[in-house]
Amino acid sequence: MSYQVIARKYRPQVFDEVAGQRLITDTLKNAVLHNRVAHGYIFSGGRGVGKTTTARILAKSLNCTKGPTVSPCGECPSCREIAQGNSVDVFEIDAASNRGIDEIRELRETVRYLPARDPYKVFIIDEAHMLTTEAFNALLKTLEEPPARSLFVLCTTEPHKLPTTIQSRCQHFSFRLLDYAEIFDRLKWVLNKEQIEADEGALSAVAEAAEGSLRDALSLLDQAIASSGKRLEEVHIRQLLGVVPSRVLVELVEAIDAGNAGQVLETVGRLSAEGYELNHFCGEFTRYIRNLAVAKSCGPASNLLQLPEGERAVLAGLAEQFSEEDLARFFQILIRAEGEMRYALNPRFQLELALLKMVHIRKLTSLENLLADLRGSRPAEALKAGTKQPERLPSPSVDFKKGAQPPPRPIRSAPVRPANDQQSADPLPSRSPEVTEQSSDRIPSLQKADDPRLDKIKRLAFGQSKLLSSCLDPITGWRFENGEVRFLFSKNNSWAVDFLSAREQQEKLRSVCAEALGQPVKIYVTLDDREGSEPKTRRSARVRAESDQGVEAIVKKFQCTLVDVIDLSRE
Ligand SMILES: Nc1ncnc2c1ncn2[C@@H]1O[C@H](COP(=O)(O)OP(=O)(O)OP(=O)(O)O)[C@@H](O)[C@H]1O
Ligand SMILES: [Mg+2]
Ligand SMILES: [Zn+2]
């Protein structure tokens, strides 16, 4: 017997064999059982997820000599012919090949006649969105007054391209992409039937590469069997698919963790020299980082992971090295790089840039933590309560600068010190009196910051995200009345207002406030305009920068000097 490709050989023949589309198959089974099959259906969804297969099963269910039945016999002439695609009463039309004009014309002719032999005349139109306007019009007329015992199934990957007039006359089922585990299991099942052995890693590589399409998975499996024979080995399959060994992904993550830019670049060089497609590799690495993010957020047992059991322990170990924020940023960088690489003349540069960003962004993250800490968003209560702490806090014993030893002082708990104290302890050049004035300006807001409700908001915000929490820090005042919360910020903290005005952050802040205040609230974030009228605007940007806690912290931490200050708000 000639070789039959696996996807064909294992095409499901009854509803219950269709994987991953349970909701749809159950609904159709019910319709068949209760004699409530509609005249028109739209089956939409990605490539190779079971649309045509399900349409044929529906046709068999209606036309089987034992039918209507939800388990067609597969033996009778109707069942056999439908499976082979040559039934007298089931027409499969491929709208993509000649855009269907002739077929639809013919369809309009034939549809008027009763089925030749079987109970139903079934038209399965593949790639239905490719039909011409004329063909759609013809089809519409038929759907408006469907002849008795006729059934149309429009299969399409792009349902939005179907005219709404057609859509409104059909029942619409949208087929989902299959997830990694479903594909993996199906591959295992097929191999078992074929009596072929495989490494878990080999199956995993195929399942990942299929990206949700079972047909693609089975076609890849065909290739793999053709080139390997009775045993599929991971190394070989990965080479065949152009997928890098998982060890490379692990090493790359480790290099990023170690901040080793050299090693990262060497890896890219090696892959390129070995002929791996870098765009494809970027996709793989994105998937790996996504897995890390999932392992971090949902734990290594999560079924959202696209990974075989055996690799989960390594993944969990790696995830430990990063914060959720790190991983979210990596994910974002890679997704962007993937898009950009598609159009880049030299995709390698794009990939290198993305990976270098990942190496360096962690240093920025620790800076963010440092700032969060200095701005006092590390409430003692939260720490005691075991709330999540910033990953990389600067140690309190950091040697700040020769001679001067000011301990890090959370604004919240430190009393405002007299100006002379500040001067003697401060390593920066002498300050203008306005600076002291500004410090005392802060007194009222400090007192307000002792409001236990605001404390609670800050504490909850801290648990949500460090960035959100450090934005709440420079608040100069707040008000809560009639379900409205207003936060005021001074002009030089307009960055916080900008940040908190972004929809996503507002949403976070709103839920934090609602929780802290025990009721739904509206949020307003505004610049304190009282401040605008103050003479402090005379203060030079440099002086203001020098007096800024954040700048001060950076200067100390990195032992650098302030060279130039540009006031962006005036540009
Ligand atoms: N949900 C599924 N369960 C089991 N096998 C499936 C499923 N989806 C696809 N297959 C396998 O893939 C092959 C192709 O499936 P099918 O023709 O139904 O895909 P399709 O959704 O119509 O794709 P296309 O949009 O490319 O026409 C089937 O023969 C079968 O082996
Ligand atoms: Mg199809
Ligand atoms: Zn039958």
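A polar contact is a pair of N or O atoms within 3.5 Å. I'm jotting that down before I open the structure, which is a predicted model.

Entry 1: I looked up Lys51 to start. An N or O atom in its side chain sits 2.7 Å from an oxygen atom of ligand 1, so I can call this pair a polar contact, as the cut-off is 3.5 Å. Next I checked the backbone. Ala19 puts a backbone N or O atom 2.8 Å from a nitrogen atom of ligand 1. How much of ligand 1 does the protein bury? I found 94% of the 630 Å² that the ligand exposes when taken alone.

**Entry 2: who is around it.** I got 18 residues around ligand 1, and Ala7, Gly48, Lys51, Thr52 and Thr53 come nearest. Sorting the shell by type gave me eight nonpolar, five polar and five charged residues. Which helices each supply at least two residues of this shell? I noted helix 3 (51-63) and helix 11 (214-228). I also looked at domains: domain 1 (6-174) and domain 2 (180-241) each give the shell at least three residues.

**Entry 3: the whole chain.** I stepped back and found 27 helices and 10 strands. Of the chain's 571 residues, 47% are buried. The chain exposes about 29,000 Å², and 51% of that comes from carbon and sulfur atoms. Last, I looked at contacts with a separation of 6 or more: 72% of them join residues 24 or more positions apart.

Methods: Residues are numbered from 1 along each chain as its sequence is written. Chains are lettered from A and ligands numbered from 1 in the order in which they are written. This is a predicted model: local features need pLDDT of at least 70, side-chain atom pairs count only at pLDDT 80 or more; totals for chains, interfaces and linings use all residues. Side-chain values use heavy atoms; hydrogens and water are left out. A residue is near a molecule or strand if one of its heavy atoms lies within 4 Å of it. A polar contact is a pair of N or O atoms within 3.5 Å; within protein, one must be able to donate a hydrogen and the other to accept it, and residues adjacent in sequence count only if both atoms are side-chain atoms. Accessible areas come from the Shrake-Rupley method with a 1.4 Å probe; for residues, only the protein chains shown count as cover. Helices (H or I, at least four residues) and strands (E, at least two) are DSSP runs, numbered from the N terminus. Ala, Val, Leu, Ile, Met, Phe, Trp, Tyr, Cys and Pro count as nonpolar, Asp, Glu, Lys and Arg as charged, and the others, Gly among them, as polar. Domain bounds come from an automatic or database domain assignment. Buried means under 20% relative accessible area, exposed over 50%, partly exposed in between (1.4 Å probe, protein chains only). Contact means heavy atoms within 4.5 Å.
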